[in-house]
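Student: I would like to go through this structure term by term. Can we start with the words used for accessibility?

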Amino acid sequence: MKRPFAVALISLLVLFLMPAGAQTTTPSPPAKPAQAESPQLSRRDAALWRRALAIHRSAIVVDTHNDILSMMTDDNYDLGVSSVGKYHTDLARMKQGGLTAEFFSVYVDRKYATEGGSARRALDMIDYVYRAIERHPRELMFATSTADIRRAKAQGKIASLMGIEGGHAIEDSLMALRDFHRLGVRYMTLTHNNTNNWADACCDAVKHNGLSDFGKEVIREMNRIGMLVDVSHVSDKTMSDVLDISTAPVIASHSSARALGDRPRNIPDDLLRRFAKNGGVVMINFFPAFIDKNVIEASKARAERLKPQLDELAKQYKDDPKRLEEERDKLFAANPLPPTPLSVLIDHFDHIAKVAGVDHVGIGSDFDGVSSLPVGMEDISKLPSITFELLKRGYSERDVRKILGGNFMRAFAQAERVARRSRRLSGDGSVRRISK
């Protein structure tokens, strides 16, 4: 899709897709939350589990990154249908997990950056979020603000928000950025693993030494309109540039601590400390290959051992990417990695709470975007286990509530206040775009 057409298409769709009545319908009575399955516990721990559940059910619980939207879009998956054993997420398990707010990831694969159609892909996915909310109005509520999240909690619904993953989705246009905001997008991950035309990624060639001049303007515009800047996947220099520029709190929607998992898309301690100064929040990613040093090493060894077979599969199915993915998954399943205990995940919460401060850590699961999860965190219904484990480690109820969602709500509210300084969405905004 050519850029001018993509931008025009977004602007046109704004007129038809804005949820004018989404928040004016008669609210459903609050749904009685399902009880999370209790693990096998001692008598003392059973009492702590009951306390954890009570805290979890009354808290605002926010997950800032879930990839189930890819399955909804590509396979027409309905969240109302049980997907146990297939996906990590469905409505029943979201309720069981005590979720207050979910950010559906509008993930735009890097192939669109080279083949074209990035904005169209994002629009298709956004439409599926609207469809899900319209299909399940008793369970889901369209949300774009902290006030909406609190309203959803009061009504016993799950606030449904969106974040774009991959800054190439805006096709190098600040007008497109604003149009995505109008459609409800409330954060943008500046890059995926690919460096784009204005920002360097964690896992790709360095082209801009962090942010280009246009990339810096993207950050300023996101601050101005109230779209959170997400630095998961970006290079360290890009992250540093963002923290230099942003006047609103910055988030990492699904990242972890590099000190415990030596992966380039995790965050080093020096940058974690800067989140404290910025007021931002690092949301912990659950993927064992990011958080567990034993799995990281085993994964490297497996990749080397299986390289001949993987190369052969790539050659055999070069024109069939879906089949290639299926065959790779079969090969990996036949060569499993060691299991990751839940304690390893909690170590990342603990580390970031100590380095950046307990006010700067939250939940960014990456459910349905990863191939495996820690033992005891197999799907979204298991979220209460985080509350339980944090209490076991001596965290106060106040601090647990911060981690579950309070920290994100504070950062989001501050971003909203920064945006209110500008009275008009477009009137004061730049119309810059990169022309090739």
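Tutor: Buried means under 20% relative accessible area, exposed means over 50%, and partly exposed lies in between (1.4 Å probe, protein chains only). This is a predicted model: local features need pLDDT of at least 70, side-chain atom pairs count only at pLDDT 80 or more, and totals for chains, interfaces and linings use all residues. Residues are numbered from 1 along each chain as its sequence is written, and side-chain values use heavy atoms, with hydrogens and water left out.

Student: Why is D244 called exposed?

Tutor: Its relative accessible area is 53%. The cut-off for exposed is over 50%, so D244 is exposed. D244 lies in helix α10 (residues 236-245). Helices are DSSP runs of H or I with at least four residues, strands are runs of E with at least two, and both are numbered from the N terminus.

Student: What makes the pair D244 and R274 a polar contact?

Tutor: Their side chains are joined at 2.6 Å. A polar contact is a pair of N or O atoms within 3.5 Å; within protein, one must be able to donate a hydrogen and the other to accept it, and residues adjacent in sequence count only if both atoms are side-chain atoms.

Student: Why do C202 and C203 get their accessibility labels?

Tutor: C202 has 14% relative accessibility, so it counts as buried. C203 has 39%, so it counts as partly exposed.

Student: How many disulfides are there?

Tutor: The count is zero. The rule asks for a pair of cysteine sulfur atoms within 2.5 Å.

Student: Which label does W49 get, buried or exposed?

Tutor: W49 has 5% relative accessibility, so it counts as buried. W49 is in helix α2 (residues 43-58). W49 and K392 are 343 residues apart in sequence, and their C-alpha atoms are 9.5 Å apart in space.

Student: What makes R186 a charge without a salt bridge?

Tutor: A salt bridge is a side-chain nitrogen of Lys or Arg within 4 Å of a carboxyl oxygen of Asp or Glu. Lys and Arg count as positive, Asp and Glu as negative; His and the chain ends are not counted. For R186, the nearest side chain of opposite charge is E416, 6.4 Å away. R186 is buried and has no salt bridge. It lies in strand β5 (residues 185-189).

Student: What lies around R186?

Tutor: Contact means heavy atoms within 4.5 Å. Leaving aside neighbours within four places in sequence, R186 is in contact with residues including F103, M162, H181 and F412. The backbone oxygen of H181 lies 2.8 Å from a polar atom of the R186 side chain.

Student: What makes a set of residues a nonpolar core?

Tutor: It is a set of buried Ala, Val, Leu, Ile, Met, Phe, Trp, Tyr and Cys residues joined through side-chain atoms within 4.5 Å. The largest one here has 102 residues. M188, L190, F286 and F349 have the most contacts inside it. Helix α6 (residues 118-135) gives the most to this core, with ten residues. Apart from it lies another core of 22 residues, among them L161, F408, M409 and V418.
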